[in-house]
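Have the sequence and the model open as you go.

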Number of protein chains: 4
Amino acid sequence: MGLRTGDQYVDGLRNRKHVEIYVLGKQVDDVTTHPFLRPSVKAFKATFDAAFEEDTKELARAYSPFINEEVNRFVHIHRGPEDLVAKVKLLRRLSHKVGACFQRCVGWDALNTLFIITTRISEVEGRRTYLERFLNYLKYVQRNDLALAGAMTDVKGVRTLRPSEQPNLDSYVHVAEERSDGIIVRGAKANITGIAVVDEVIVMPTRAMTEKDADYAISFAIPLDSPGVKVVVGRQVNDARRLEDGEIDGLPYFFNHEGMLILEDVFVPWDRVFLYKDWAWAGQLVEVFSSFHRQGYAGCKAGLGDVVIGAAYNLAKQIGVADKAHVQDKLTEMVFLNETMYSAGLAASWEGRKVVSSGDGGWWVNPMYANVTKQLVTRFPYEIARLAHDIAGGIIGTAPSEADLRNPSLKGLLEKYLQGVQEYSAEERLRMLRLLENISLSVAYLIESVHGAGSPEAQRISMRRLYDLQIAEAISKRLAGLKVKIQWGKSIEPHRPSDIEK
Amino acid sequence: MGLRTGDQYVDGLRNRKHVEIYVLGKQVDDVTTHPFLRPSVKAFKATFDAAFEEDTKELARAYSPFINEEVNRFVHIHRGPEDLVAKVKLLRRLSHKVGACFQRCVGWDALNTLFIITTRISEVEGRRTYLERFLNYLKYVQRNDLALAGAMTDVKGVRTLRPSEQPNLDSYVHVAEERSDGIIVRGAKANITGIAVVDEVIVMPTRAMTEKDADYAISFAIPLDSPGVKVVVGRQVNDARRLEDGEIDGLPYFFNHEGMLILEDVFVPWDRVFLYKDWAWAGQLVEVFSSFHRQGYAGCKAGLGDVVIGAAYNLAKQIGVADKAHVQDKLTEMVFLNETMYSAGLAASWEGRKVVSSGDGGWWVNPMYANVTKQLVTRFPYEIARLAHDIAGGIIGTAPSEADLRNPSLKGLLEKYLQGVQEYSAEERLRMLRLLENISLSVAYLIESVHGAGSPEAQRISMRRLYDLQIAEAISKRLAGLKVKIQWGKSIEPHRPSDIEK
Amino acid sequence: MGLRTGDQYVDGLRNRKHVEIYVLGKQVDDVTTHPFLRPSVKAFKATFDAAFEEDTKELARAYSPFINEEVNRFVHIHRGPEDLVAKVKLLRRLSHKVGACFQRCVGWDALNTLFIITTRISEVEGRRTYLERFLNYLKYVQRNDLALAGAMTDVKGVRTLRPSEQPNLDSYVHVAEERSDGIIVRGAKANITGIAVVDEVIVMPTRAMTEKDADYAISFAIPLDSPGVKVVVGRQVNDARRLEDGEIDGLPYFFNHEGMLILEDVFVPWDRVFLYKDWAWAGQLVEVFSSFHRQGYAGCKAGLGDVVIGAAYNLAKQIGVADKAHVQDKLTEMVFLNETMYSAGLAASWEGRKVVSSGDGGWWVNPMYANVTKQLVTRFPYEIARLAHDIAGGIIGTAPSEADLRNPSLKGLLEKYLQGVQEYSAEERLRMLRLLENISLSVAYLIESVHGAGSPEAQRISMRRLYDLQIAEAISKRLAGLKVKIQWGKSIEPHRPSDIEK
Amino acid sequence: MGLRTGDQYVDGLRNRKHVEIYVLGKQVDDVTTHPFLRPSVKAFKATFDAAFEEDTKELARAYSPFINEEVNRFVHIHRGPEDLVAKVKLLRRLSHKVGACFQRCVGWDALNTLFIITTRISEVEGRRTYLERFLNYLKYVQRNDLALAGAMTDVKGVRTLRPSEQPNLDSYVHVAEERSDGIIVRGAKANITGIAVVDEVIVMPTRAMTEKDADYAISFAIPLDSPGVKVVVGRQVNDARRLEDGEIDGLPYFFNHEGMLILEDVFVPWDRVFLYKDWAWAGQLVEVFSSFHRQGYAGCKAGLGDVVIGAAYNLAKQIGVADKAHVQDKLTEMVFLNETMYSAGLAASWEGRKVVSSGDGGWWVNPMYANVTKQLVTRFPYEIARLAHDIAGGIIGTAPSEADLRNPSLKGLLEKYLQGVQEYSAEERLRMLRLLENISLSVAYLIESVHGAGSPEAQRISMRRLYDLQIAEAISKRLAGLKVKIQWGKSIEPHRPSDIEK
């Protein structure tokens with residue numbers, strides 16, 4: 001089958017069997033037409049269309065040796081630093097088209113993670129079953145160009161307790177029953193991006209496990225329309241506006257969503273099980289995945305940053321102040337913050353390396369720079385948003401509705417009073433204000449930037465572990481004229497690509 | 001009549017003549033019951049109730065020598081530093097009750113500003129008419145405990161042009177016709193806080209003026225139900241949720257609003273005109289007002305900060321992480337930022353002084369610290385919000401709706417999966433998440449903090465002017481052993497309370 | 001005797017008995033002429049001269065009811081908020097004259113602390129001995145206008161162990177022997193400001209103590225020339241330049257110093273002992289002192305900030321860029337940061353209150369704002385310094401020496417090449433560059449700002465304790481529609497002046 | 001001749017003809033033994049030794065096609081992204097050995113800049129003379145492994161005037177006379193790194209020029225011992241300590257220096273002139289050079305950051321607090337800031353590209369990320385320094401001298417009182433404190449980070465120019481549903497590697 005167009009993806013969603021999907025307390029029949037979810041479908045769709053549009057198709061396609069044809073990059077296994085770099089460049093460019101999260105990265109990162117983990121289990125322990133199952137699944141995904149979600153974050157219950165210690169033993173997804181033909185799984189995954197509009201979902205453990213938690217150390221893939229699956233779509237800032245008529249206020253073009261994926265005793269056949277009670281590998285799986293996902297934020301959040309910068313610049317022009325020194329300075333600061341995030345992601349990509357010995361893939365990002373990227377992303381969008389609000393003026397929080405502008409009793413007055421310089425109309429101003437409001441205060445730009453791919457403290461723990469303080473100390477001791485015991489050599493540079501190799 | 005209760009205020013609104021008020025493109029009949037505006041009425045109402053509630057009434061009342069009785073502090077003329085301090089303390093405490101802007105400060109600051117300006121015109125130029133008119137109006141306001149808005153910000157058109165140079169000559173409110181019994185005014189004021197739910201509005205010029213702009217240098221008060229008044233209520237983040245049923249998602253208890261006040265040839269009788277073509281006084285009026293208003297932000301925004309901190313703390317407890325070092329550290333940082341804003345406001349208050357020679361009032365804040373306060377407020381709430389989102393977890397952007405929780409098919413599952421530690425229910429978690437979402441991303445907490453009482457650059461211009469770089473330079477030259485020409489004396493300390501005295 | 005002039009203070013130092021004072025490994029005979037210490041003497045001297053100079057004498061004098069005459073404010077017991085405010089205003093102004101730490105605050109804060117603690121012991125426990133001894137000592141200090149150091153910070157050994165658990169039992173100063181006429185003390189105090197140039201030193205415990213640490217819970221005063229006292233003066237950035245000839249590079253006018261005070265079995269008569277094994281009071285003593293000292297930093301560091309701002313401004317003028325938008329913006333940012341610190345200190349002062357029931361004094365600062373002040377001071381000077389370096393240009397790190405400028409072979413060339421605009425000479429540029437270098441990178445402006453009056457984490461612990469998270473949580477719960485158990489009332493405002501009253 | 005050892009470099013300096021070099025007002029005979037300059041010689045020497053030491057030689061050598069042999073990387077012309085990456089990796093590693101600026105980058109960047117500019121003049125205008133001269137010079141430099149300085153920054157006089165408009169016409173280096181065999185140049189260059197300890201210096205213009213400034217648009221190379229050359233070595237923080245005995249306080253091992261290079265009618269033969277009155281190329285030369293140099297700061301400043309982090313970590317261990325949560329958090333923040341700078345530099349390197357059509361070289365960094373790198377470097381070292389001071393404790397500003405520790409009367413006391421945990425001696429503590437003091441407050445770590453390779457505003461101007469605001473605006477307009485005129489295509493991504501190609 002091969003590369004699908006966006007329309008084919010949408011058709012596929014329509015052909016899904018019924019899934020129990022809830023939005024604002026009610027079940028949804030057709031996600032492709034539901035006003036709350038349609039913008040998410042359109043955003044996801046953009047990842048398919050990218051493979052056919054002039055300005056993105058080169059980045060959005062890649063050759064897959066597994067099925068020996070071109071695939072959409074969002075289901076591609078990275079084969080070198082250039083692929084890792086292409087990822088962040090593609091994400092930035094797609095953000096320009098969508099202005100929201102397009103929701104297809106988590107599934108992509110899950111594929112690459114499982115490729116590495118199943119290969120490593122094969123290489124290190126000689127157990128090839130997981131790898132074989134996964135490669136079959138991968139070919140299936142690539143051949144059908146599937147829309148995948150990735151589900152990692154459990155609802156977690158009491159944060160200080162391990163899965164097996166929880167008062168509610170379903171706080172983490174786990175195997176509830178083992179059968180000859182597969183397993184029954186139960187639990188819920190939270191904050192799952194794009195979950196209502198995918199073909200399949202790949203489920204992964206959310207943390208390192210001990211032997212007692214073995215039942216929770218599982219990874220598998222299921223079609224979203226598997227019996228027992230429930231999806232509860234989450235609320236977002238300004239979401240209720242999507243239900244309104246009009247084409248300005250709710251920015252109804254594109255949006256993303258997250259949701260809770262509830263698995264009520266869902267059956268998974270063995271050939272879809274990629275990790276089963278292998279508790280010792282759970283931690284590494286999480287580490288590999290999270291670095292992949294942290295790297296990616298360089299692209300999509302810098303891309304959203306471009307939109308925010310562009311909107312602020314346009315609004316400054318609309319009132320005639322774009323050339324003022326303090327406006328120029330703020331725009332420059334926004335650019336600087338935005339490019340800082342992006343450059344860290346590029347470094348994470350270029351400095352990636354192959355962390356398996358065999359196979360056509362297995363390239364991983366540099367985890368230090370991936371963590372640096374994400375830590376920057378947890379901070380800078382709030383600052384960029386603040387500067388954009390500053391430039392836009394107070395009207396960003398007080399502009400009238402599109403309906404006011406359309407009301408004949410007000411139209412003339414608002415056209416007169418909302419206009420700045422004569423080259424722009426009141427409607428242009430309102431459109432740009434709404435775009436900026438909707439994006440700069442969105443879950444995608446703010447909350448996801450803080451928590452996606454792990455909360456800020458998770459990156460700090462990773463950075464602390466990746467940086468070798470002993471070597472830094474030895475460097476300082478040597479300079480201070482003190483005796484140093486550490487063996488000098490390659491390791492003097494405290495940037496080990498990863499502990500994964502040990 | 002004297003102090004009104006909140007209910008009396010609401011009754012008053014119901015007794016207003018018809019005002020042309022638009023919300024989402026439609027005219028509103030009764031603001032007190034309209035779902036979009038009712039929360040604003042409740043927030044405004046809290047300023048009246050404060051004068052009768054145990055924990056606030058001491059702060060919320062003050063003795064007025066003008067009518068020789070106790071008045072609500074929100075219509076009081078400050079009579080010393082203690083009054084200025086009481087203002088910020090009251091605002092902080094009221095924020096705790098309302099969790100939103102209660103919208104009555106602008107009118108209050110307008111009263112105090114006009115007291116100073118009309119007194120000074122009387123003192124400096126011997127023209128007592130404005131002062132007499134104003135004192136009569138003040139007594140009327142105090143006796144009837146009116147709900148006042150203040151309208152300063154014009155729509156401004158092209159920012160780089162003066163009022164009289166604009167292509168649209170109505171870009172700034174101006175006198176359109178002078179009559180024997182009063183004046184006809186035209187134009188529009190933007191971003192007017194609480195405008196739909198007040199009894200009267202005080203209109204002021206928004207910038208310093210030159211002689212050519214004399215028609216724009218006017219200040220006056222009108223009842224909101226004056227003929228020719230139109231109000232277009234602005235949209236805010238999450239506003240459409242107010243129209244939903246349910247009591248959690250939209251936080252329907254309290255909210256504020258801003259709106260555009262359109263004056264279509266409105267008549268103002270002479271006794272309500274407090275500045276008329278006196279262009280030379282417009283700049284000082286703006287300076288006096290803006291410092292008053294900048295000071296106040298210490299109270300209300302620190303109060304909202306307390307709510308955000310409390311919500312973050314509660315959410316941390318709900319998942320069992322409140323004692324973790326990094327959570328404690330983030331809470332401490334939030335406290336530190338919050339108290340920094342507040343302490344600057346206290347300094348602005350305590351260091352205030354009387355800037356007129358006569359009369360029972362005329363106390364002004366220290367403008368340097370008032371500007372420092374507001375500049376801090378333009379930055380720290382975004383940082384506090386970010387830290388709160390960090391502590392709250394990703395669920396702050398993905399939590400399901402109240403309707404989901406009420407749906408019998410989901411209720412059990414959500415109660416199970418949203419719960420953290422056993423002491424708290426899923427509903428408690430959802431309530432607190434929504435509160436935090438609704439406040440931390442609100443116009444009141446973010447956009448208003450940036451732009452209210454003047455955008456960040458306005459404070460920077462003020463600080464630059466208030467700080468005497470020449471004296472700082474002289475201090476340095478003396479220390480460097482260079483000759484200094486400046487006359488040493490009192491002025492060595494670069495904290496002149498105000499240029500206004502010169 | 002009463003108020004001393006600066007010269008009388010210097011004479012007093014000359015009349016001290018021999019003290020074992022070490023500078024750069026050698027004993028110093030006369031601190032008043034030693035090139036390393038003379039600048040410190042001059043800085044300290046300024047606190048005496050302030051009481052006689054026109055522009056400071058009003059602030060620098062206060063009436064003491066204890067000896068019924070005017071005293072130098074640096075030995076005054078605060079009698080109201082105005083005194084607390086006068087403190088920070090005086091400190092700012094003195095910094096303008098000295099450009100360094102004048103070193104007399106610690107002793108002053110120690111006096112006020114002991115006044116409160118000995119009064120409270122008297123009030124709470126009925127033991128009046130300490131108070132009587134202290135009042136006698138206070139009168140002696142005031143009558144003779146003594147130069148006092150305060151010594152709190154012990155050398156501390158292993159930070160995680162209590163005094164009595166240390167491998168080195170002298171890691172904290174303690175009583176080594178009790179005698180009928182007094183006690184013998186042993187140990188060392190680190191980082192003692194001005195220690196080599198004082199008449200007396202007041203020693204205080206550095207932390208809360210348990211019963212096991214009772215021997216360490218002591219406070220007393222001794223003349224610096226007591227037998228057994230050793231002082232080792234510490235090194236500072238650029239200190240060796242003081243030993244050079246010339247009058248520019250080393251900024252030889254004013255400087256401060258810190259040193260280690262070593263007490264080798266020093267005898268203290270009972271009437272100089274103000275706390276003796278009263279371990280339960282040690283924590284409160286530290287809290288009272290540290291808040292006093294944290295407040296003070298608002299004055300002296302903002303004063304140094306003025307010098308840094310003035311120098312940067314002058315250097316910008318010297319090369320013709322003072323009016324450039326980005327330079328103006330940086331200057332404004334420096335002003336903003338500087339005034340933020342100062343305003344927090346003013347709030348701490350104005351919001352102070354009397355924390356004892358009896359006596360003519362006992363006014364304490366608001367501890368929350370005092371901690372906020374100091375926390376700001378741990379951050380902003382580094383930022384102000386960075387901005388000053390930015391404005392000054394790279395030459396701030398590469399300017400030639402005064403000796404180069406004086407060398408006839410270079411003089412003409414340097415006068416030609418160091419000059420910017422014609423109004424300023426090369427020497428003027430060099431002088432200002434050196435001033436900025438010497439102050440902006442000084443221990444007084446950077447290191448002391450971080451660690452003086454307690455390291456940053458100490459303020460964070462204090463702020464965390466002073467802010468009532470339970471009340472903030474209750475506020476949020478009430479707004480979220482949840483039940484709240486806390487009793488509402490006065491305490492709703494989370495700014496309790498101090499726990500000391502409980 | 002080929003690769004030189006460090007000792008050979010030092011011998012070379014001894015064999016220089018006499019150069020008029022001034023330090024603290026006196027001429028220096030032998031820079032290799034002068035206590036003020038010897039540490040600079042040792043730092044520079046490390047760049048030569050790096051080519052022979054095990055842990056660096058792979059990075060420090062490269063194959064030169066110009067002389068067909070291995071050369072020291074510091075005289076290598078980059079031949080691909082790997083070379084650009086190797087640059088920043090080598091610089092970081094060398095910083096670990098030197099703990100100061102090793103001063104050889106400017107000359108290196110000058111070589112690469114002149115390669116590009118002379119090649120481009122040849123390609124664009126067909127004039128090959130400059131290229132031929134330069135290639136000859138390059139081979140000479142590579143064959144003799146010369147120590148080069150680069151001199152760009154003029155003394156500049158009045159900053160707002162062009163070179164030809166200055167009151168002092170020597171404010172910028174210029175041609176004073178044209179002769180048949182070469183040119184006579186006059187003027188002075190400021191802030192020249194390492195200038196006293198090099199073999200040769202490459203002089204470049206410091207800004208874009210107009211036709212009137214043609215005399216100032218010159219670039220050339222001269223041996224430092226050319227007649228008419230004068231060097232005035234600048235002062236630095238703590239420099240006077242280098243003149244002391246002892247091996248701890250002054251950190252006498254390594255140091256860098258900057259100085260003023262005065263050219264008093266120096267003769268330059270034509271074959272050393274690489275740009276002559278070609279004013280139109282001056283701007284591009286500056287742009288190419290500054291991006292190269294801004295990229296490099298990622299390596300050396302991150303390397304110094306490692307030293308600062310290591311020292312802080314060691315000091316925390318010495319007092320037993322390394323495991324405390326707040327200390328760990330501060331160390332993590334330092335790591336994060338440090339790796340952010342580094343990753344931006346890696347991105348600038350990996351995303352570099354060849355900007356000439358011919359020749360074996362001509363690879364340039366990505367200018368956007370190079371500017372981002374440097375902008376980060378202007379801010380983060382101050383923050384890292386502050387955090388290091390925080391961890392180190394107040395003793396960082398008050399520690400006694402080495403001479404005190406050596407004094408028998410104090411030795412025992414200081415060994416007792418300076419020690420923290422028993423595993424470390426007082427001397428170890430003192431050594432590490434001095435290292436941290438000397439590096440964290442050094443010109444190399446602070447001032448150079450602000451001003452090296454252009455002051456902060458220069459990077460902001462570059463970033464503003466490199467980021468295409470029009471495209472960002474178009475992106476936003478498209479999303480807002482507005483018409484967009486811009487031609488879509490490759491250029492949608494606002495990261496043009498360089499304008500140089502146009």
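Helix axes here are lines fitted to C-alpha atoms over the stretch in contact, and angles run from 0 to 180 degrees between N-to-C directions. Helices (H or I, at least four residues) and strands (E, at least two) are DSSP runs, numbered from the N terminus. This is a predicted model, in which local features need pLDDT of at least 70 and side-chain atom pairs count only at pLDDT 80 or more, while totals for chains, interfaces and linings use all residues. Residues are numbered from 1 along each chain as its sequence is written, chains are lettered from A in the order in which they are written, and side-chain values use heavy atoms, with hydrogens and water left out.

**Exercise 1.** Describe how α7 and α9 of chain C pack.

*Step 1.* Start with the geometry: α7(C) spans residues 282-318 and α9(C) spans residues 367-377, and their axes lie 8 Å apart at an angle of about 50 degrees.

*Step 2.* Classify the angle. Under 35 degrees counts as roughly parallel, over 145 as roughly antiparallel, 65 to 115 as roughly perpendicular and the rest as oblique. The two helices are therefore oblique to each other.

*Step 3.* Find the hand. A crossing is left-handed if the near helix is turned anticlockwise from the far one by less than a right angle, and right-handed if clockwise. For α7(C) passing α9(C), the crossing is left-handed.

*Step 4.* List the contacts (heavy atoms within 4.5 Å). Among the residues that meet are C:Tyr297 and C:Lys301 of α7(C), and C:Pro367 and C:Val377 of α9(C).

*Step 5.* Sort the residues by class. Ala, Val, Leu, Ile, Met, Phe, Trp, Tyr, Cys and Pro count as nonpolar, Asp, Glu, Lys and Arg as charged, and the others, Gly among them, as polar. This contact has five nonpolar, four polar and three charged residues.

**Exercise 2.** Now try a pair from two chains: α10 of chain C and α14 of chain D.

*Step 1.* Here α10(C), residues 380-392, packs on α14(D), residues 443-451, at about 55 degrees, with the axes 9 Å apart.

*Step 2.* The pair is therefore oblique, with a right-handed crossing.

*Step 3.* C:Arg386, C:His389 and C:Asp390 meet D:Ile447, D:Val450 and D:His451.

**Exercise 3.** What do chain A and chain B bury between them, and how many salt bridges do they share?

*Step 1.* The contact involves 81 residues of chain A and 81 residues of chain B.

*Step 2.* Buried area is the accessible area (1.4 Å probe) that two parts lose on being put together, summed over both. Here that comes to about 6,500 Å², 62% of it on carbon and sulfur atoms.

*Step 3.* Count the salt bridges (a side-chain nitrogen of Lys or Arg within 4 Å of a carboxyl oxygen of Asp or Glu). There are nine between chain A and chain B. One of the salt bridges in the model pairs B:Arg235 with A:Asp249, with closest N and O atoms 2.9 Å apart.
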